[in-house]
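My entries are below, in the order in which I made them.

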Amino acid sequence: MYTENVVIVGAGPAGLAAAQQLKLYGIDPLVYECDEPGGLLLNACSVINYPGASKGISGKELIKQFPLPERIVISEVTDVSRKERHYQIHSGDGVLNTLSVIIASGTKPRKISIPGVTGDRIHYCVKKLAGSSGGLVAVIGGGDAALDYAVSLSSGYTVNIYARGDFSKAVPHLLERVRLTRKIALYPESLPKNSFSEDIIVAAVGRHARVNFISEKLLSSPPVDGSFHMCGDCGNGIYRQTAIAVGNGVEAAMKTAGYLKKVEAG
Ligand SMILES: Cc1cc2nc3c(=O)[nH]c(=O)nc-3n(C[C@H](O)[C@H](O)[C@H](O)COP(=O)(O)OP(=O)(O)OC[C@H]3O[C@@H](n4cnc5c(N)ncnc54)[C@H](O)[C@@H]3O)c2cc1C
């Protein structure tokens, strides 16, 4: 027996877009979010590649355009598995069964360890640091996320960015912005480094799909009947952008609505 028609795991751009689209079909999904609605986008300093936002908008402002689902539970989903014709969801909130699942769980940061540096000095996102001020920050990484984090932090801190390479993989407009920001210094080809004198260290050295709560069986042979979808950053390899995540969420919702209609028709 099942108690839900659709469960969505994650309330980032992909999960919120899926929930909004399902609502158009009169379907009221149950959404689980283990942190706060908005996902990784809450860390983005200035998004300029989202349709309608070409003048630049912070991730925090952009996410306000996404309606919040009516039913959202702040709890971490710890296990998703298939049982006969439904799915079982385990979370901090209990266990329930659902006819279909949309996974929109995004990514997790790759963690680093630095000899002599305790873990509590290393941060992997900036949404809680940006807005505070004072002191020196080391950002580790040479990609877009590292540069974006540095720009966010430069309103309150002096920032040094250390990279293994030469920043040539970063988006040119972001690199230009960093170069023009007085409180940011770039240190290419400066890693590995054994110690950092900065007060705070922010690591942006890659991310990987956050799918460890999905059963091995579901991950290795996902059902193709329309009842199970993975959307957004968790299923997009290196193509991790908000517009793509939103499109995936809408598509997953449309396919899920089609599946539920078939089930209802028997
Ligand atoms: C610094 C930075 C700058 C960026 N700038 C841009 C930009 O300019 N333009 C652009 O298009 N994109 C940008 N991005 C990328 C963009 O933020 C992501 O592509 C987008 O947020 C992906 O959406 P998503 O919903 O797939 O995943 P996420 O946003 O990661 O959301 C996933 C959600 O699922 C939740 N979750 C995960 N596991 C569970 C679980 N087991 N149970 C319950 N909840 C769970 C998480 O807490 C999270 O809220 C940037 C990212 C960063 C880090």
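The entries start with conventions and then go from the whole chain to single residues.

**Conventions.** I am working with a predicted model, in which local features need pLDDT of at least 70, side-chain atom pairs count only at pLDDT 80 or more, and totals for chains, interfaces and linings use all residues. Residues are numbered from 1 along each chain as its sequence is written, and side-chain values use heavy atoms, with hydrogens and water left out.

**Overall build.** I looked up the secondary structure and found six helices and 14 strands. Helices (H or I, at least four residues) and strands (E, at least two) are DSSP runs, numbered from the N terminus. The radius of gyration is 20 Å, close to the 18 Å of the globule rule for 266 residues, so the protein is as compact as a globular protein of that length. That radius is taken over C-alpha atoms, and the rule is 2.2 Å times the number of residues to the power 0.38. Along the principal axes, the C-alpha atoms fill a box of roughly 65 × 40 × 30 Å.

I then checked burial, where buried means under 20% relative accessible area, exposed over 50%, and partly exposed in between (1.4 Å probe, protein chains only). Of the 266 residues, 48% count as buried. The accessible surface (Shrake-Rupley, 1.4 Å probe) comes to about 13,500 Å², and 52% of it belongs to carbon and sulfur atoms.

**Domains and contacts.** The domain assignment, which is automatic or from a database, gives domain 1 (4–109 + 207–265) and domain 2 (119–203). Their C-alpha centres lie 30 Å apart. Taking contact as heavy atoms within 4.5 Å, I find eleven residues of domain 1 touching ten residues of domain 2. Among contacts between residues at least 6 apart in sequence, 68% join residues at least 24 apart.

**Strand β6.** I followed β6 (residues 94–103), where eight of the ten residues are buried. For pairing I require at least two DSSP bridges between two strands.
- β1 (residues 4–9) runs parallel to β6 and is joined to it by five bridges; V9 stands opposite I103.
- β5 pairs with β6 in the antiparallel sense over five bridges, as a hairpin with two residues between the strands. Y87 stands opposite T98 in this pair.
- β14 runs parallel to β6, with three bridges, and V101 has F228 as its bridge partner in β14.

**Strands β4 and β5.** β4 (residues 77–83) pairs with β5 (residues 86–91) in the antiparallel sense over six bridges. The bridge partner of S81 in β5 is Q88. This hairpin also has two residues between its strands, and E84 takes a positive phi near 45°.

**Cysteines.** How many disulfides does a search of the whole structure find? The search returns zero, with a disulfide defined as a pair of cysteine sulfur atoms within 2.5 Å. For C231, the nearest cysteine sulfur is that of C234, 6.3 Å away. C231 is buried, with a relative accessible area of 2%, and C234 is buried at 6%.

**Y239.** Is Y239 buried or exposed? I note 56% relative accessibility, so Y239 counts as exposed. Y239 lies in the loop between β14 (228–230) and α6 (242–265). Its C-alpha is 14 Å from that of A170, and the two are 69 residues apart in sequence.
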